[in-house]
Each structure stands twice: as C-alpha cells, then as structure tokens.
Amino acid sequence: MIVTSNQSAARWVDFHCHVDLYKDHSALIAECDRERVATLAVTTTPKAWPRNRELAAKSAHVRIALGLHPQLVAERENELPIFERYLSDARYVGEIGLDAGPRFYRSFPAQERVFERILRACAEQGGKILTVHSVRAVGKVLNHIESSLPQDRGRVVMHWFTGTSAEARRAVALGCYFSINGEMLRSPKHRQLVGSLPLDRLLTETDGPFVERDGQPLRPRDVGHTVAELAEVRNVSAKAMEDAVLQNLRHLVSA
C-alpha cells in the first residue's frame with residue numbers, strides 16, 4: 001500500500017473509503033494517485049470486489065478490501081461462500097464487523113455468524129488486514145477477535161471507533177489500530193478518547209461518501225483536514241502527525 005519510490009511515496013492515508021459509491025469512481029482512483037493518498041477502498045458485498053479490483057489494478061495508491069457489511073447481512077448472508085472464494089486473493093478485508101443499532105439489531109445473530117466465520121477464515125489463511133465496523137457492539141467485536149483471530153494471524157483496524165476507554169485499552173492489548181475521521185473529533189468525549197489512544201496505533205480515514213463537509217462528500221484528498229485536527233487533539237505539529245500516520249501504515253502493512 002505504501003509506494004517506496006521518492007517520486008510517488010504516499011503523503012496521506014485514507015484507510016476507509018467507499019470509493020465505488022462515488023459517481024466518478026475511476027476518476028477518484030486517478031485522483032488518489034495524483035494527490036498521493038494511500039487509500040483503502042472498502043466494499044460492502046463480495047460481489048463488488050472483482051470490479052473494484054479491476055478498476056484499481058494499475059493504481060499506485062489504491063488497494064481494494066473484500067467486504068460483507070454487517071448492515072447488509074440480513075439480505076446478503078448467502079454471499080458468504082463468494083467471500084470465502086475470493087479471500088485467498090485479498091490482502092485487505094472490509095468492511096466487516098457488527099452493528100447493534102436499532103435498524104440492524106434483528107440481524108445481529110446472523111451478523112455474529114458471518115463475522116466469526118470471516119475471522120476464522122482470515123486466521124486460517126493468515127496475513128490479512130481487516131477494517132472493522134463496531135457500532136454499539138465494541139465488546140462483542142473484541143470478543144470475536146480475541147477468540148477467532150490470533151494477533152499473529154491478522155491485524156485489525158477499528159473503523160470509526162466509539163467505544164469506552166476500557167474497550168479502547170482492550171483493543172490496544174489485542175493489537176488493534178484505529179482509523180480516525182473528522183466526525184469522530186466533533187464530540188468532546190470522542191476527542192478525549194482519541195487523545196488517549198497510543199500514537200503508534202493511529203491511522204486516518206474519510207468514510208466517504210458518507211461523511212460530508214459543507215454539503216459535499218469527503219474525498220480521500222480531504223483527509224489532510226483530519227490530520228490537522230488530529231494533530232491539535234494530540235498537541236503535536238501537523239507535520240509530525242502526518243509522518244506518524246504514514247509510519248503507522250508502514251508498520252501495519254509490513255507486519
């Protein structure tokens with residue numbers, strides 16, 4: 001994911017973006033390369049993965065994650081065999097996880113079945129990097145990770161983490177990273193939480209196009225604003241934060 005040549009080395013990191021949900025999908029991939037944004041393009045169903053992979057095949061900075069979004073499990077659980085068929089060709093996995101919000105709680109038992117099966121498959125193959133959704137379900141997510149994905153068999157990045165301080169400490173102990181977006185920093189409570197996370201576990205994300213600024217969906221190039229806000233929260237310079245995020249990504253992908 002990190003390009004090592006001096007000319008094209010990444011400057012920014014967007015570790016969670018729904019690139020295929022933008023109208024200008026192909027142009028956005030080109031923009032990520034031009035702006036040097038190391039971007040993880042997550043998918044929400046395994047059926048979307050081959051086309052996404054094809055479009056990003058020549059990209060220096062965009063990588064595609066194989067996903068089965070927990071909010072879609074109710075109608076897409078039957079795509080799990082497709083997911084498993086593609087998994088051996090996927091280094092990155094996401095968006096996956098659990099969502100116990102009111103709209104999706106009825107499917108929670110199915111979500112847990114799918115999540116556990118995905119974690120076990122990732123553990124069996126080894127070397128996967130996962131971006132994980134945990135809305136109102138952080139404890140359950142961490143339980144599954146602890147029981148089904150040993151730290152030496154895969155790495156987890158907690159996407160848009162809003163758990164408690166105790167859950168954050170537990171996630172850190174399990175080896176998790178955290179991808180931070182600008183919306184997370186709007187809340188004083190979450191700013192405080194982000195401020196307490198280990199600096200060497202922080203990445204940045206947009207979660208575009210679901211997150212907007214001034215009525216427009218964020219694009220991966222906009223992640224620089226989050227780096228600046230995160231630097232303020234951590235009381236370091238923007239350049240120091242920029243460098244730390246890139247270094248964290250290098251450690252994550254080289255482990």
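L66 has V93 as its bridge partner in strand β4. This is a predicted model, in which local features need pLDDT of at least 70 and side-chain atom pairs count only at pLDDT 80 or more, while totals for chains, interfaces and linings use all residues. Residues are numbered from 1 along each chain as its sequence is written, and side-chain values use heavy atoms, with hydrogens and water left out. Helices (H or I, at least four residues) and strands (E, at least two) are DSSP runs, numbered from the N terminus.

**Strand β4 and its partners**

- Buried means under 20% relative accessible area, exposed over 50%, and partly exposed in between (1.4 Å probe, protein chains only).
- Strand β3 (residues 62–66) runs parallel to β4, joined by 2 bridges. Two strands pair if DSSP finds at least two bridges between them.
- Strand β5 (residues 128–135) also pairs with β4 in the parallel sense, over 6 bridges.
- In that pairing, I96 stands opposite V132 of β5.
- A right-handed β-α-β unit is made by β4, helix α5 (residues 108–125) and β5. Right-handed means that, with the strands pointing away from the viewer, the path from the first strand over the helix to the second runs clockwise.

**Largest pocket**

- The largest pocket has a volume of about 330 Å³. It is lined by 15 residues, and the closest to its centre are H69, Q71, E95, H133 and D207.
- Strand β5 gives the most to this lining, with 3 residues.
- A pocket is found on a 1 Å grid over the protein atoms alone: it is an open set of points where a 1.4 Å probe fits, with protein on both sides within 12 Å along at least five of seven lines, and lining residues have an atom within 4 Å of a point.
- Grid points are joined across faces, edges and corners, and the volume is the space filled by probe spheres set on the points.

- Most residues other than glycine have a negative phi, and most peptide bonds are trans.
- G94 and E95 are joined by a cis peptide bond, with omega about 10°. E95 lies in strand β4.
- A cis peptide bond also joins G208 and P209, with omega about 0°. P209 sits in the loop between β8 (202–204) and β9 (212–213).
- R136, which is not glycine, has a positive phi near 55°. It is in the loop between β5 and α6 (138–148), and is exposed at a relative accessible area of 65%.
- W160 is not a glycine either, yet its phi is positive at about 50°. Its loop runs between β6 (154–159) and α7 (165–173). W160 is partly exposed, at 29% relative accessibility.

**Cysteines**

- The whole structure holds 0 disulfides. A disulfide here is a pair of cysteine sulfur atoms within 2.5 Å.
- The sulfur of C17 has its closest cysteine sulfur in C32, at 6.7 Å, which is too far for a bond.
- C17 is buried at 0% relative accessibility, and C32 is buried at 2%.

**Residue L28**

- L28 is in helix α1 (residues 25–35) and is buried, at 0% relative accessibility.
- Beyond its neighbours within four places in sequence, L28 contacts V19, Y22, R219 and P220. Contact means heavy atoms within 4.5 Å.
- From L28 to N235 is 207 residues in sequence and 32 Å in space, C-alpha to C-alpha.
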